[in-house]
Each structure stands twice: as structure tokens, then as C-alpha cells.
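Please read this report alongside the sequence and the three-dimensional structure shown below. It takes up aromatic pairs, the sheet, helix packing and backbone angles in turn.

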Amino acid sequence: MKTVLVTGGAGFIGSNYIKLMLKKFNDYQIVNVDNLTYAGNLENLAEIQNYNRYTFIKADIRNRKLINKLFDKYNFKYVVNFAAESHVDRSIEEPEVFLTTNVIGTQVLLEAAKNHWKIYPDDKYSTEYNDGVKFLQVSTDEVYGALGKEGMFVETMPLKPNSPYSASKASADLIVRAYNRTFGLPINITRCSNNYGPYQFPEKLIPLMINNCLNDENLPVYGDGMQIRDWLHVKDHCEAINAVLHKGQDGEIYNIGGNNEKANIEIVRLIIKTLGKSENLIKYVKDRPGHDRRYAIDNTKISKELSWKPSYTFAEGVEETIQWYLDNSKWIENVVSGDYKNFYLRMYK
Ligand code: NAD
Ligand code: DAU
């Protein structure tokens with residue numbers, strides 16, 4: 001049995017990932033550590049909550065003592081670090097928690113992994129680790145900053161993050177790299193583009209627009225709506241992480257993207273059309289401060305070296321996602337009923 005520490009597994013991507021891994025492999029034991037912020041939701045994991053190969057622990061990745069205890073108790077082979085504050089608009093409202101969770105939290109995990117996996121932990125010059133261990137950091141394409149009309153992000157580009165969120169993710173990305181270069185900790189870093197799919201919190205563009213359409217509420221489009229993102233279905237992202245975890249070369253960074261650039265307004269119009277609503281719902285609102293104009297991922301490295309490529313077309317992925325939200329109205333009702341209501345009012349009203 002291989003024991004995997006998945007952090008942030010009650011969130012959107014982490015919960016999709018845990019379910020995929022448990023289905024795909026019979027010899028994986030998953031320990032999900034999540035402190036259940038507004039974005040963490042155990043309902044996302046309801047179908048596997050009683051699996052004997054799955055354990056949930058409510059804990060904060062910033063809690064050094066507890067994280068070390070968990071490393072003592074479970075013989076983790078892999079760490080997959082999803083836990084983060086993930087929403088750009090919230091990072092503009094309240095940057096501090098982005099630094100503590102995304103940067104310090106990551107360093108807490110790295111230090112615990114180093115100390116528990118190192119064969120000679122007291123020898124600072126030794127770079128020998130237990131066989132096959134790996135720390136996988138789920139980073140983001142936003143660390144590169146923004147693109148103009150041309151070009152794509154490649155792994156060798158310098159990092160130029162523009163929001164407190166992306167700056168915190170870039171810092172985490174760099175500290176992971178430093179643990180590899182200085183201490184020899186086996187790592188991979190993935191930098192993925194915008195995800196969409198089931199269980200995404202409705203603060204993000206696609207589920208927010210679906211939810212507002214269903215409630216005949218205004219659709220708040222920032223600025224001119226011509227910002228471009230490269231959309232990827234969450235299941236394709238999870239498969240890519242799986243490929244990197246098992247086949248990624250030590251110390252390497254892998255971009256993950258959907259080859260699927262779309263302007264925000266195109267997506268909003270597609271959702272309106274699919275749901276049979278009126279474009280009169282569109283409301284152009286003040287732009288996001290520091291708003292990145294365009295992201296586009298060059299997938300060459302992961303597709304050539306690890307034979308991964310996206311399987312969903314955007315049309316089928318979005319249709320399936322809209323259907324999921326239609327079929328899961330109770331889920332969305334529950335997640336928008338708490339604190340999120342206040343955030344939405346502050347942000348949009
Ligand atoms: P999410 O906000 O849906 O989930 C984050 C999870 O982390 C939640 O369950 C939350 O409770 C947990 N968490 C937050 N702070 C924690 C802490 N201090 N200790 C323990 N758990 C904590 O985010 P997501 O969209 O699923 O993103 C997951 C990861 O993927 C993040 O690291 C994000 O930066 C990265 N990423 C996201 C996307 C995207 O499009 N959503 C794209 C690329 C990379
Ligand atoms: O690129 C990967 C990143 O994608 C991840 O690292 C982040 O965790 C994730 O949140 C996402 O960041 P974005 O800022 O690109 O996603 P968001 O869904 O917030 O916004 C997508 C685009 O839509 C962006 O250009 C802003 C715009 N937007 C968003 C919202 C919520 C609107 O026009 N109106 C809105 O109400």
C-alpha cells in the first residue's frame with residue numbers, strides 16, 4: 001500500500017483528484033488534510049467517505065506540530081499539495097492569509113517531508129532520501145504573469161506574478177524548487193491553467209455565471225470581457241497530476257493546459273445560450289485591479305515527455321459541467337448559503 005498525503009482535498013480540484021486516484025489504483029491509501037475554509041466541503045467527497053483506503057483529517061497545513069505528527073504516524077510516500085487560498089479577488093481584499101497558507105503552509109509541508117524522508121536527517125550535506133518519495137506542488141500558470149496578444153507560457157520563463165494570489169503561489173513554487181536544489185528533496189511542480197468542472201466553488205467565472213443565469217441574476221463581466229484564459233477540464237488536470245506523480249523527472253516543472261483559449265465574454269455567451277437565457281443579463285462592471293490580460297499554456301513538455309494530453313473538448317466539457325450544476329442544485333444551494341453570501345454582496349452589489 002502506498003500512502004499519499006493530499007492537502008486541500010476537500011476543495012474543487014483536490015476532491016476530484018482523490019476520487020480519481022482511489023478509483024484508478026487499488027494500492028493507494030489517501031490521507032486528506034484540509035482545514036475546511038469556506039472553499040472546503042466534505043460533501044464533495046460524500047461518495048468515498050466510508051472507503052477504508054481514505055482518511056480525512058481536519059487540520060491546517062500551517063500547524064507544524066500536527067503536520068509532523070501526521071508524518072510520524074503515516075508513512076507517506078507522496079505529498080500532493082493542493083491546499084491554498086485560490087481566489088484572486090479575495091487576495092485583493094485580504095492578502096495576508098494568502099501568504100500564511102500558500103507560502104508558510106507549503107514550507108511547513110516541505111520541512112516535514114525533508115525531515116521524515118531523509119535517510120540521514122542530521123547530515124546537512126546528505127541528499128539521500130527514502131526510495132521513490134516525492135513532493136508534488138500544485139502551482140499555477142498565473143505565476144508567469146500576463147501575456148500580450150502573442151506567445152505562450154513555457155516552463156523556462158521568468159516568474160512575474162501580478163496579484164497577491166499569484167505572488168504567493170510563485171513564492172511557494174520557488175521555495176519548493178529551493179528544497180530540491182539545496183536539500184535534494186525529490187519534487188515536481190505543476191503549473192496549470194484555468195480549471196472548470198463539477199464541484200467548483202461558484203466564486204469562479206464558470207460556476208458563478210451558471211448559478212447567476214439559473215437565478216436570472218446579472219452576469220458581472222469585468223472590464224471589456226476580452227481577457228483570455230486557457231480552459232482545462234478538472235479531470236484532465238487530475239490525470240496530468242497523476243502522470244507527473246508517477247513519471248515526472250525529479251526536480252522538473254510541467255505546464256498543464258487545455259490548448260483552449262477563450263475570451264471571458266465568449267464563455268458567458270455560451271452559458272447563456274446553453275441555458276436558453278437572455279444576453280440582457282450581461283452587466284459590464286469595473287475591472288479587477290491588476291487584471292491579467294491573457295494566459296496561454298505551451299503543453300509541449302508534458303505531452304512529449306509524459307504522453308499526457310487533454311481528453312475533453314471545451315464544448316463537451318462545458319455542457320457536462322452545466323448539466324452537473326443543474327443536477328446538483330442542492331450542492332450549490334448549500335455552498336452559497338453561508339459566508340459566501342457576504343463575499344458576493346461586498347464584491348458585486
Ligand atoms: P479551492 O479553493 O477549491 O480549494 C482549496 C482547498 O484548500 C479547500 O478545501 C480549503 O479548505 C483548503 N485549505 C485552504 N487553506 C488551508 C490550510 N491552511 N490548511 C489546510 N487546507 C487548507 O481551490 P482549487 O481550485 O481546488 O485549487 C487547488 C490548488 O490548485 C490550489 O493550490 C490552486 O492554486 C491550484 N490551481 C487551481 C487552478 C484552478 O483553476 N482552480 C488552476 C491551477 C492551479
Ligand atoms: O490560471 C489558473 C488560475 O485560474 C488559478 O490559479 C486560480 O486559482 C483560479 O481562481 C483561476 O484564476 P482566474 O482569476 O483566472 O479565475 P476566475 O474564475 O476568478 O476568473 C476568470 C476570468 O473571468 C478572469 O479574467 C476574471 C473574469 N471574471 C471573473 C469573475 C469571478 C469576470 O469577468 N467576472 C467574474 O465575476
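## Aromatic pairs

In this predicted model, ring pairs join Tyr-38, Phe-201, Tyr-222, Tyr-340, Phe-343, Tyr-344 and Tyr-348 into a cluster. Counted over the structure, there are 22 aromatic pairs. One of them is formed by Tyr-199 and Trp-324, whose ring centres are 4.6 Å apart and whose planes make 55 degrees, so that the pair falls into the tilted class, which lies between the limits of 30 and 60 degrees. This pair connects distant parts of the chain, since Tyr-199 belongs to the loop between strand E7 (195-196) and helix H6 (205-214), while Trp-324 belongs to helix H10, 125 residues apart. Both Tyr-199 and Trp-324 are buried.

Trp-324 also pairs with Tyr-325: the ring centres are 4.9 Å apart and the planes stand at 85 degrees, and the pair is therefore edge-to-face. Tyr-325, like Trp-324, is buried.

## Packing of helices H10 and H11

How do the axes of helix H10 and helix H11 cross? The axes of H10 (residues 314-327) and H11 (residues 329-337) come within 5 Å and cross at roughly 75 degrees, which means that H10 is roughly perpendicular to H11. On the H10 side the contact is made by Trp-324, Tyr-325, Leu-326 and Asp-327, and on the H11 side by Ser-329, Trp-331 and Ile-332.

## The parallel sheet

Seven strands make up an open sheet with parallel pairing, and their order is E3-E2-E1-E4-E5-E6-E11. At the edges are strand E3 (54-58) and strand E11 (253-256), each of which pairs on one side only. From one strand to the next, the twist averages 20 degrees. Within this sheet, strand E1 (residues 2-7) pairs with strand E4 (residues 76-81) in the parallel sense, over five bridges, and Thr-7 stands opposite Asn-81 in E4.

Helix H1 (residues 12-24) packs on the sheet, where it touches E1, strand E2 (28-34), E3 and E4, and its direction makes about 170 degrees with that of E2. Helix H5 (residues 164-183), in turn, lies across strand E5 (134-140) and strand E6 (187-192), and runs at about 155 degrees to E5.

## Positive phi angles

As background, most residues other than glycine have a negative phi. Tyr-199 has a positive value instead, with phi near 75 degrees, in a residue other than glycine. Its place is in the loop between E7 and H6. Is Tyr-199 buried or exposed? The relative accessible area of Tyr-199 is 14%, and because the limit for a buried residue is under 20%, Tyr-199 counts as buried.

Ser-307 likewise has a positive phi, of about 55 degrees, although it is not a glycine. Ser-307 is placed in the loop between helix H9 (300-306) and H10. With a relative accessible area of 63%, which is over the 50% limit, Ser-307 is therefore exposed.

Terms used:
Residues are numbered from 1 along each chain as its sequence is written. Chains are lettered from A and ligands numbered from 1 in the order in which they are written. This is a predicted model: local features need pLDDT of at least 70, side-chain atom pairs count only at pLDDT 80 or more; totals for chains, interfaces and linings use all residues. Side-chain values use heavy atoms; hydrogens and water are left out. Axes are lines fitted to C-alpha atoms, for helices over the stretch in contact, and angles run from 0 to 180 degrees between N-to-C directions. Helices (H or I, at least four residues) and strands (E, at least two) are DSSP runs, numbered from the N terminus. Angles under 35 degrees count as roughly parallel, over 145 as roughly antiparallel, 65 to 115 as roughly perpendicular and the rest as oblique. Contact means heavy atoms within 4.5 Å. Two strands pair if DSSP finds at least two bridges between them. Rings of Phe, Tyr and Trp (its six-membered ring) pair if their centres lie within 6.5 Å; planes under 30 degrees apart count as stacked, over 60 as edge-to-face and the rest as tilted. Buried means under 20% relative accessible area, exposed over 50%, partly exposed in between (1.4 Å probe, protein chains only).
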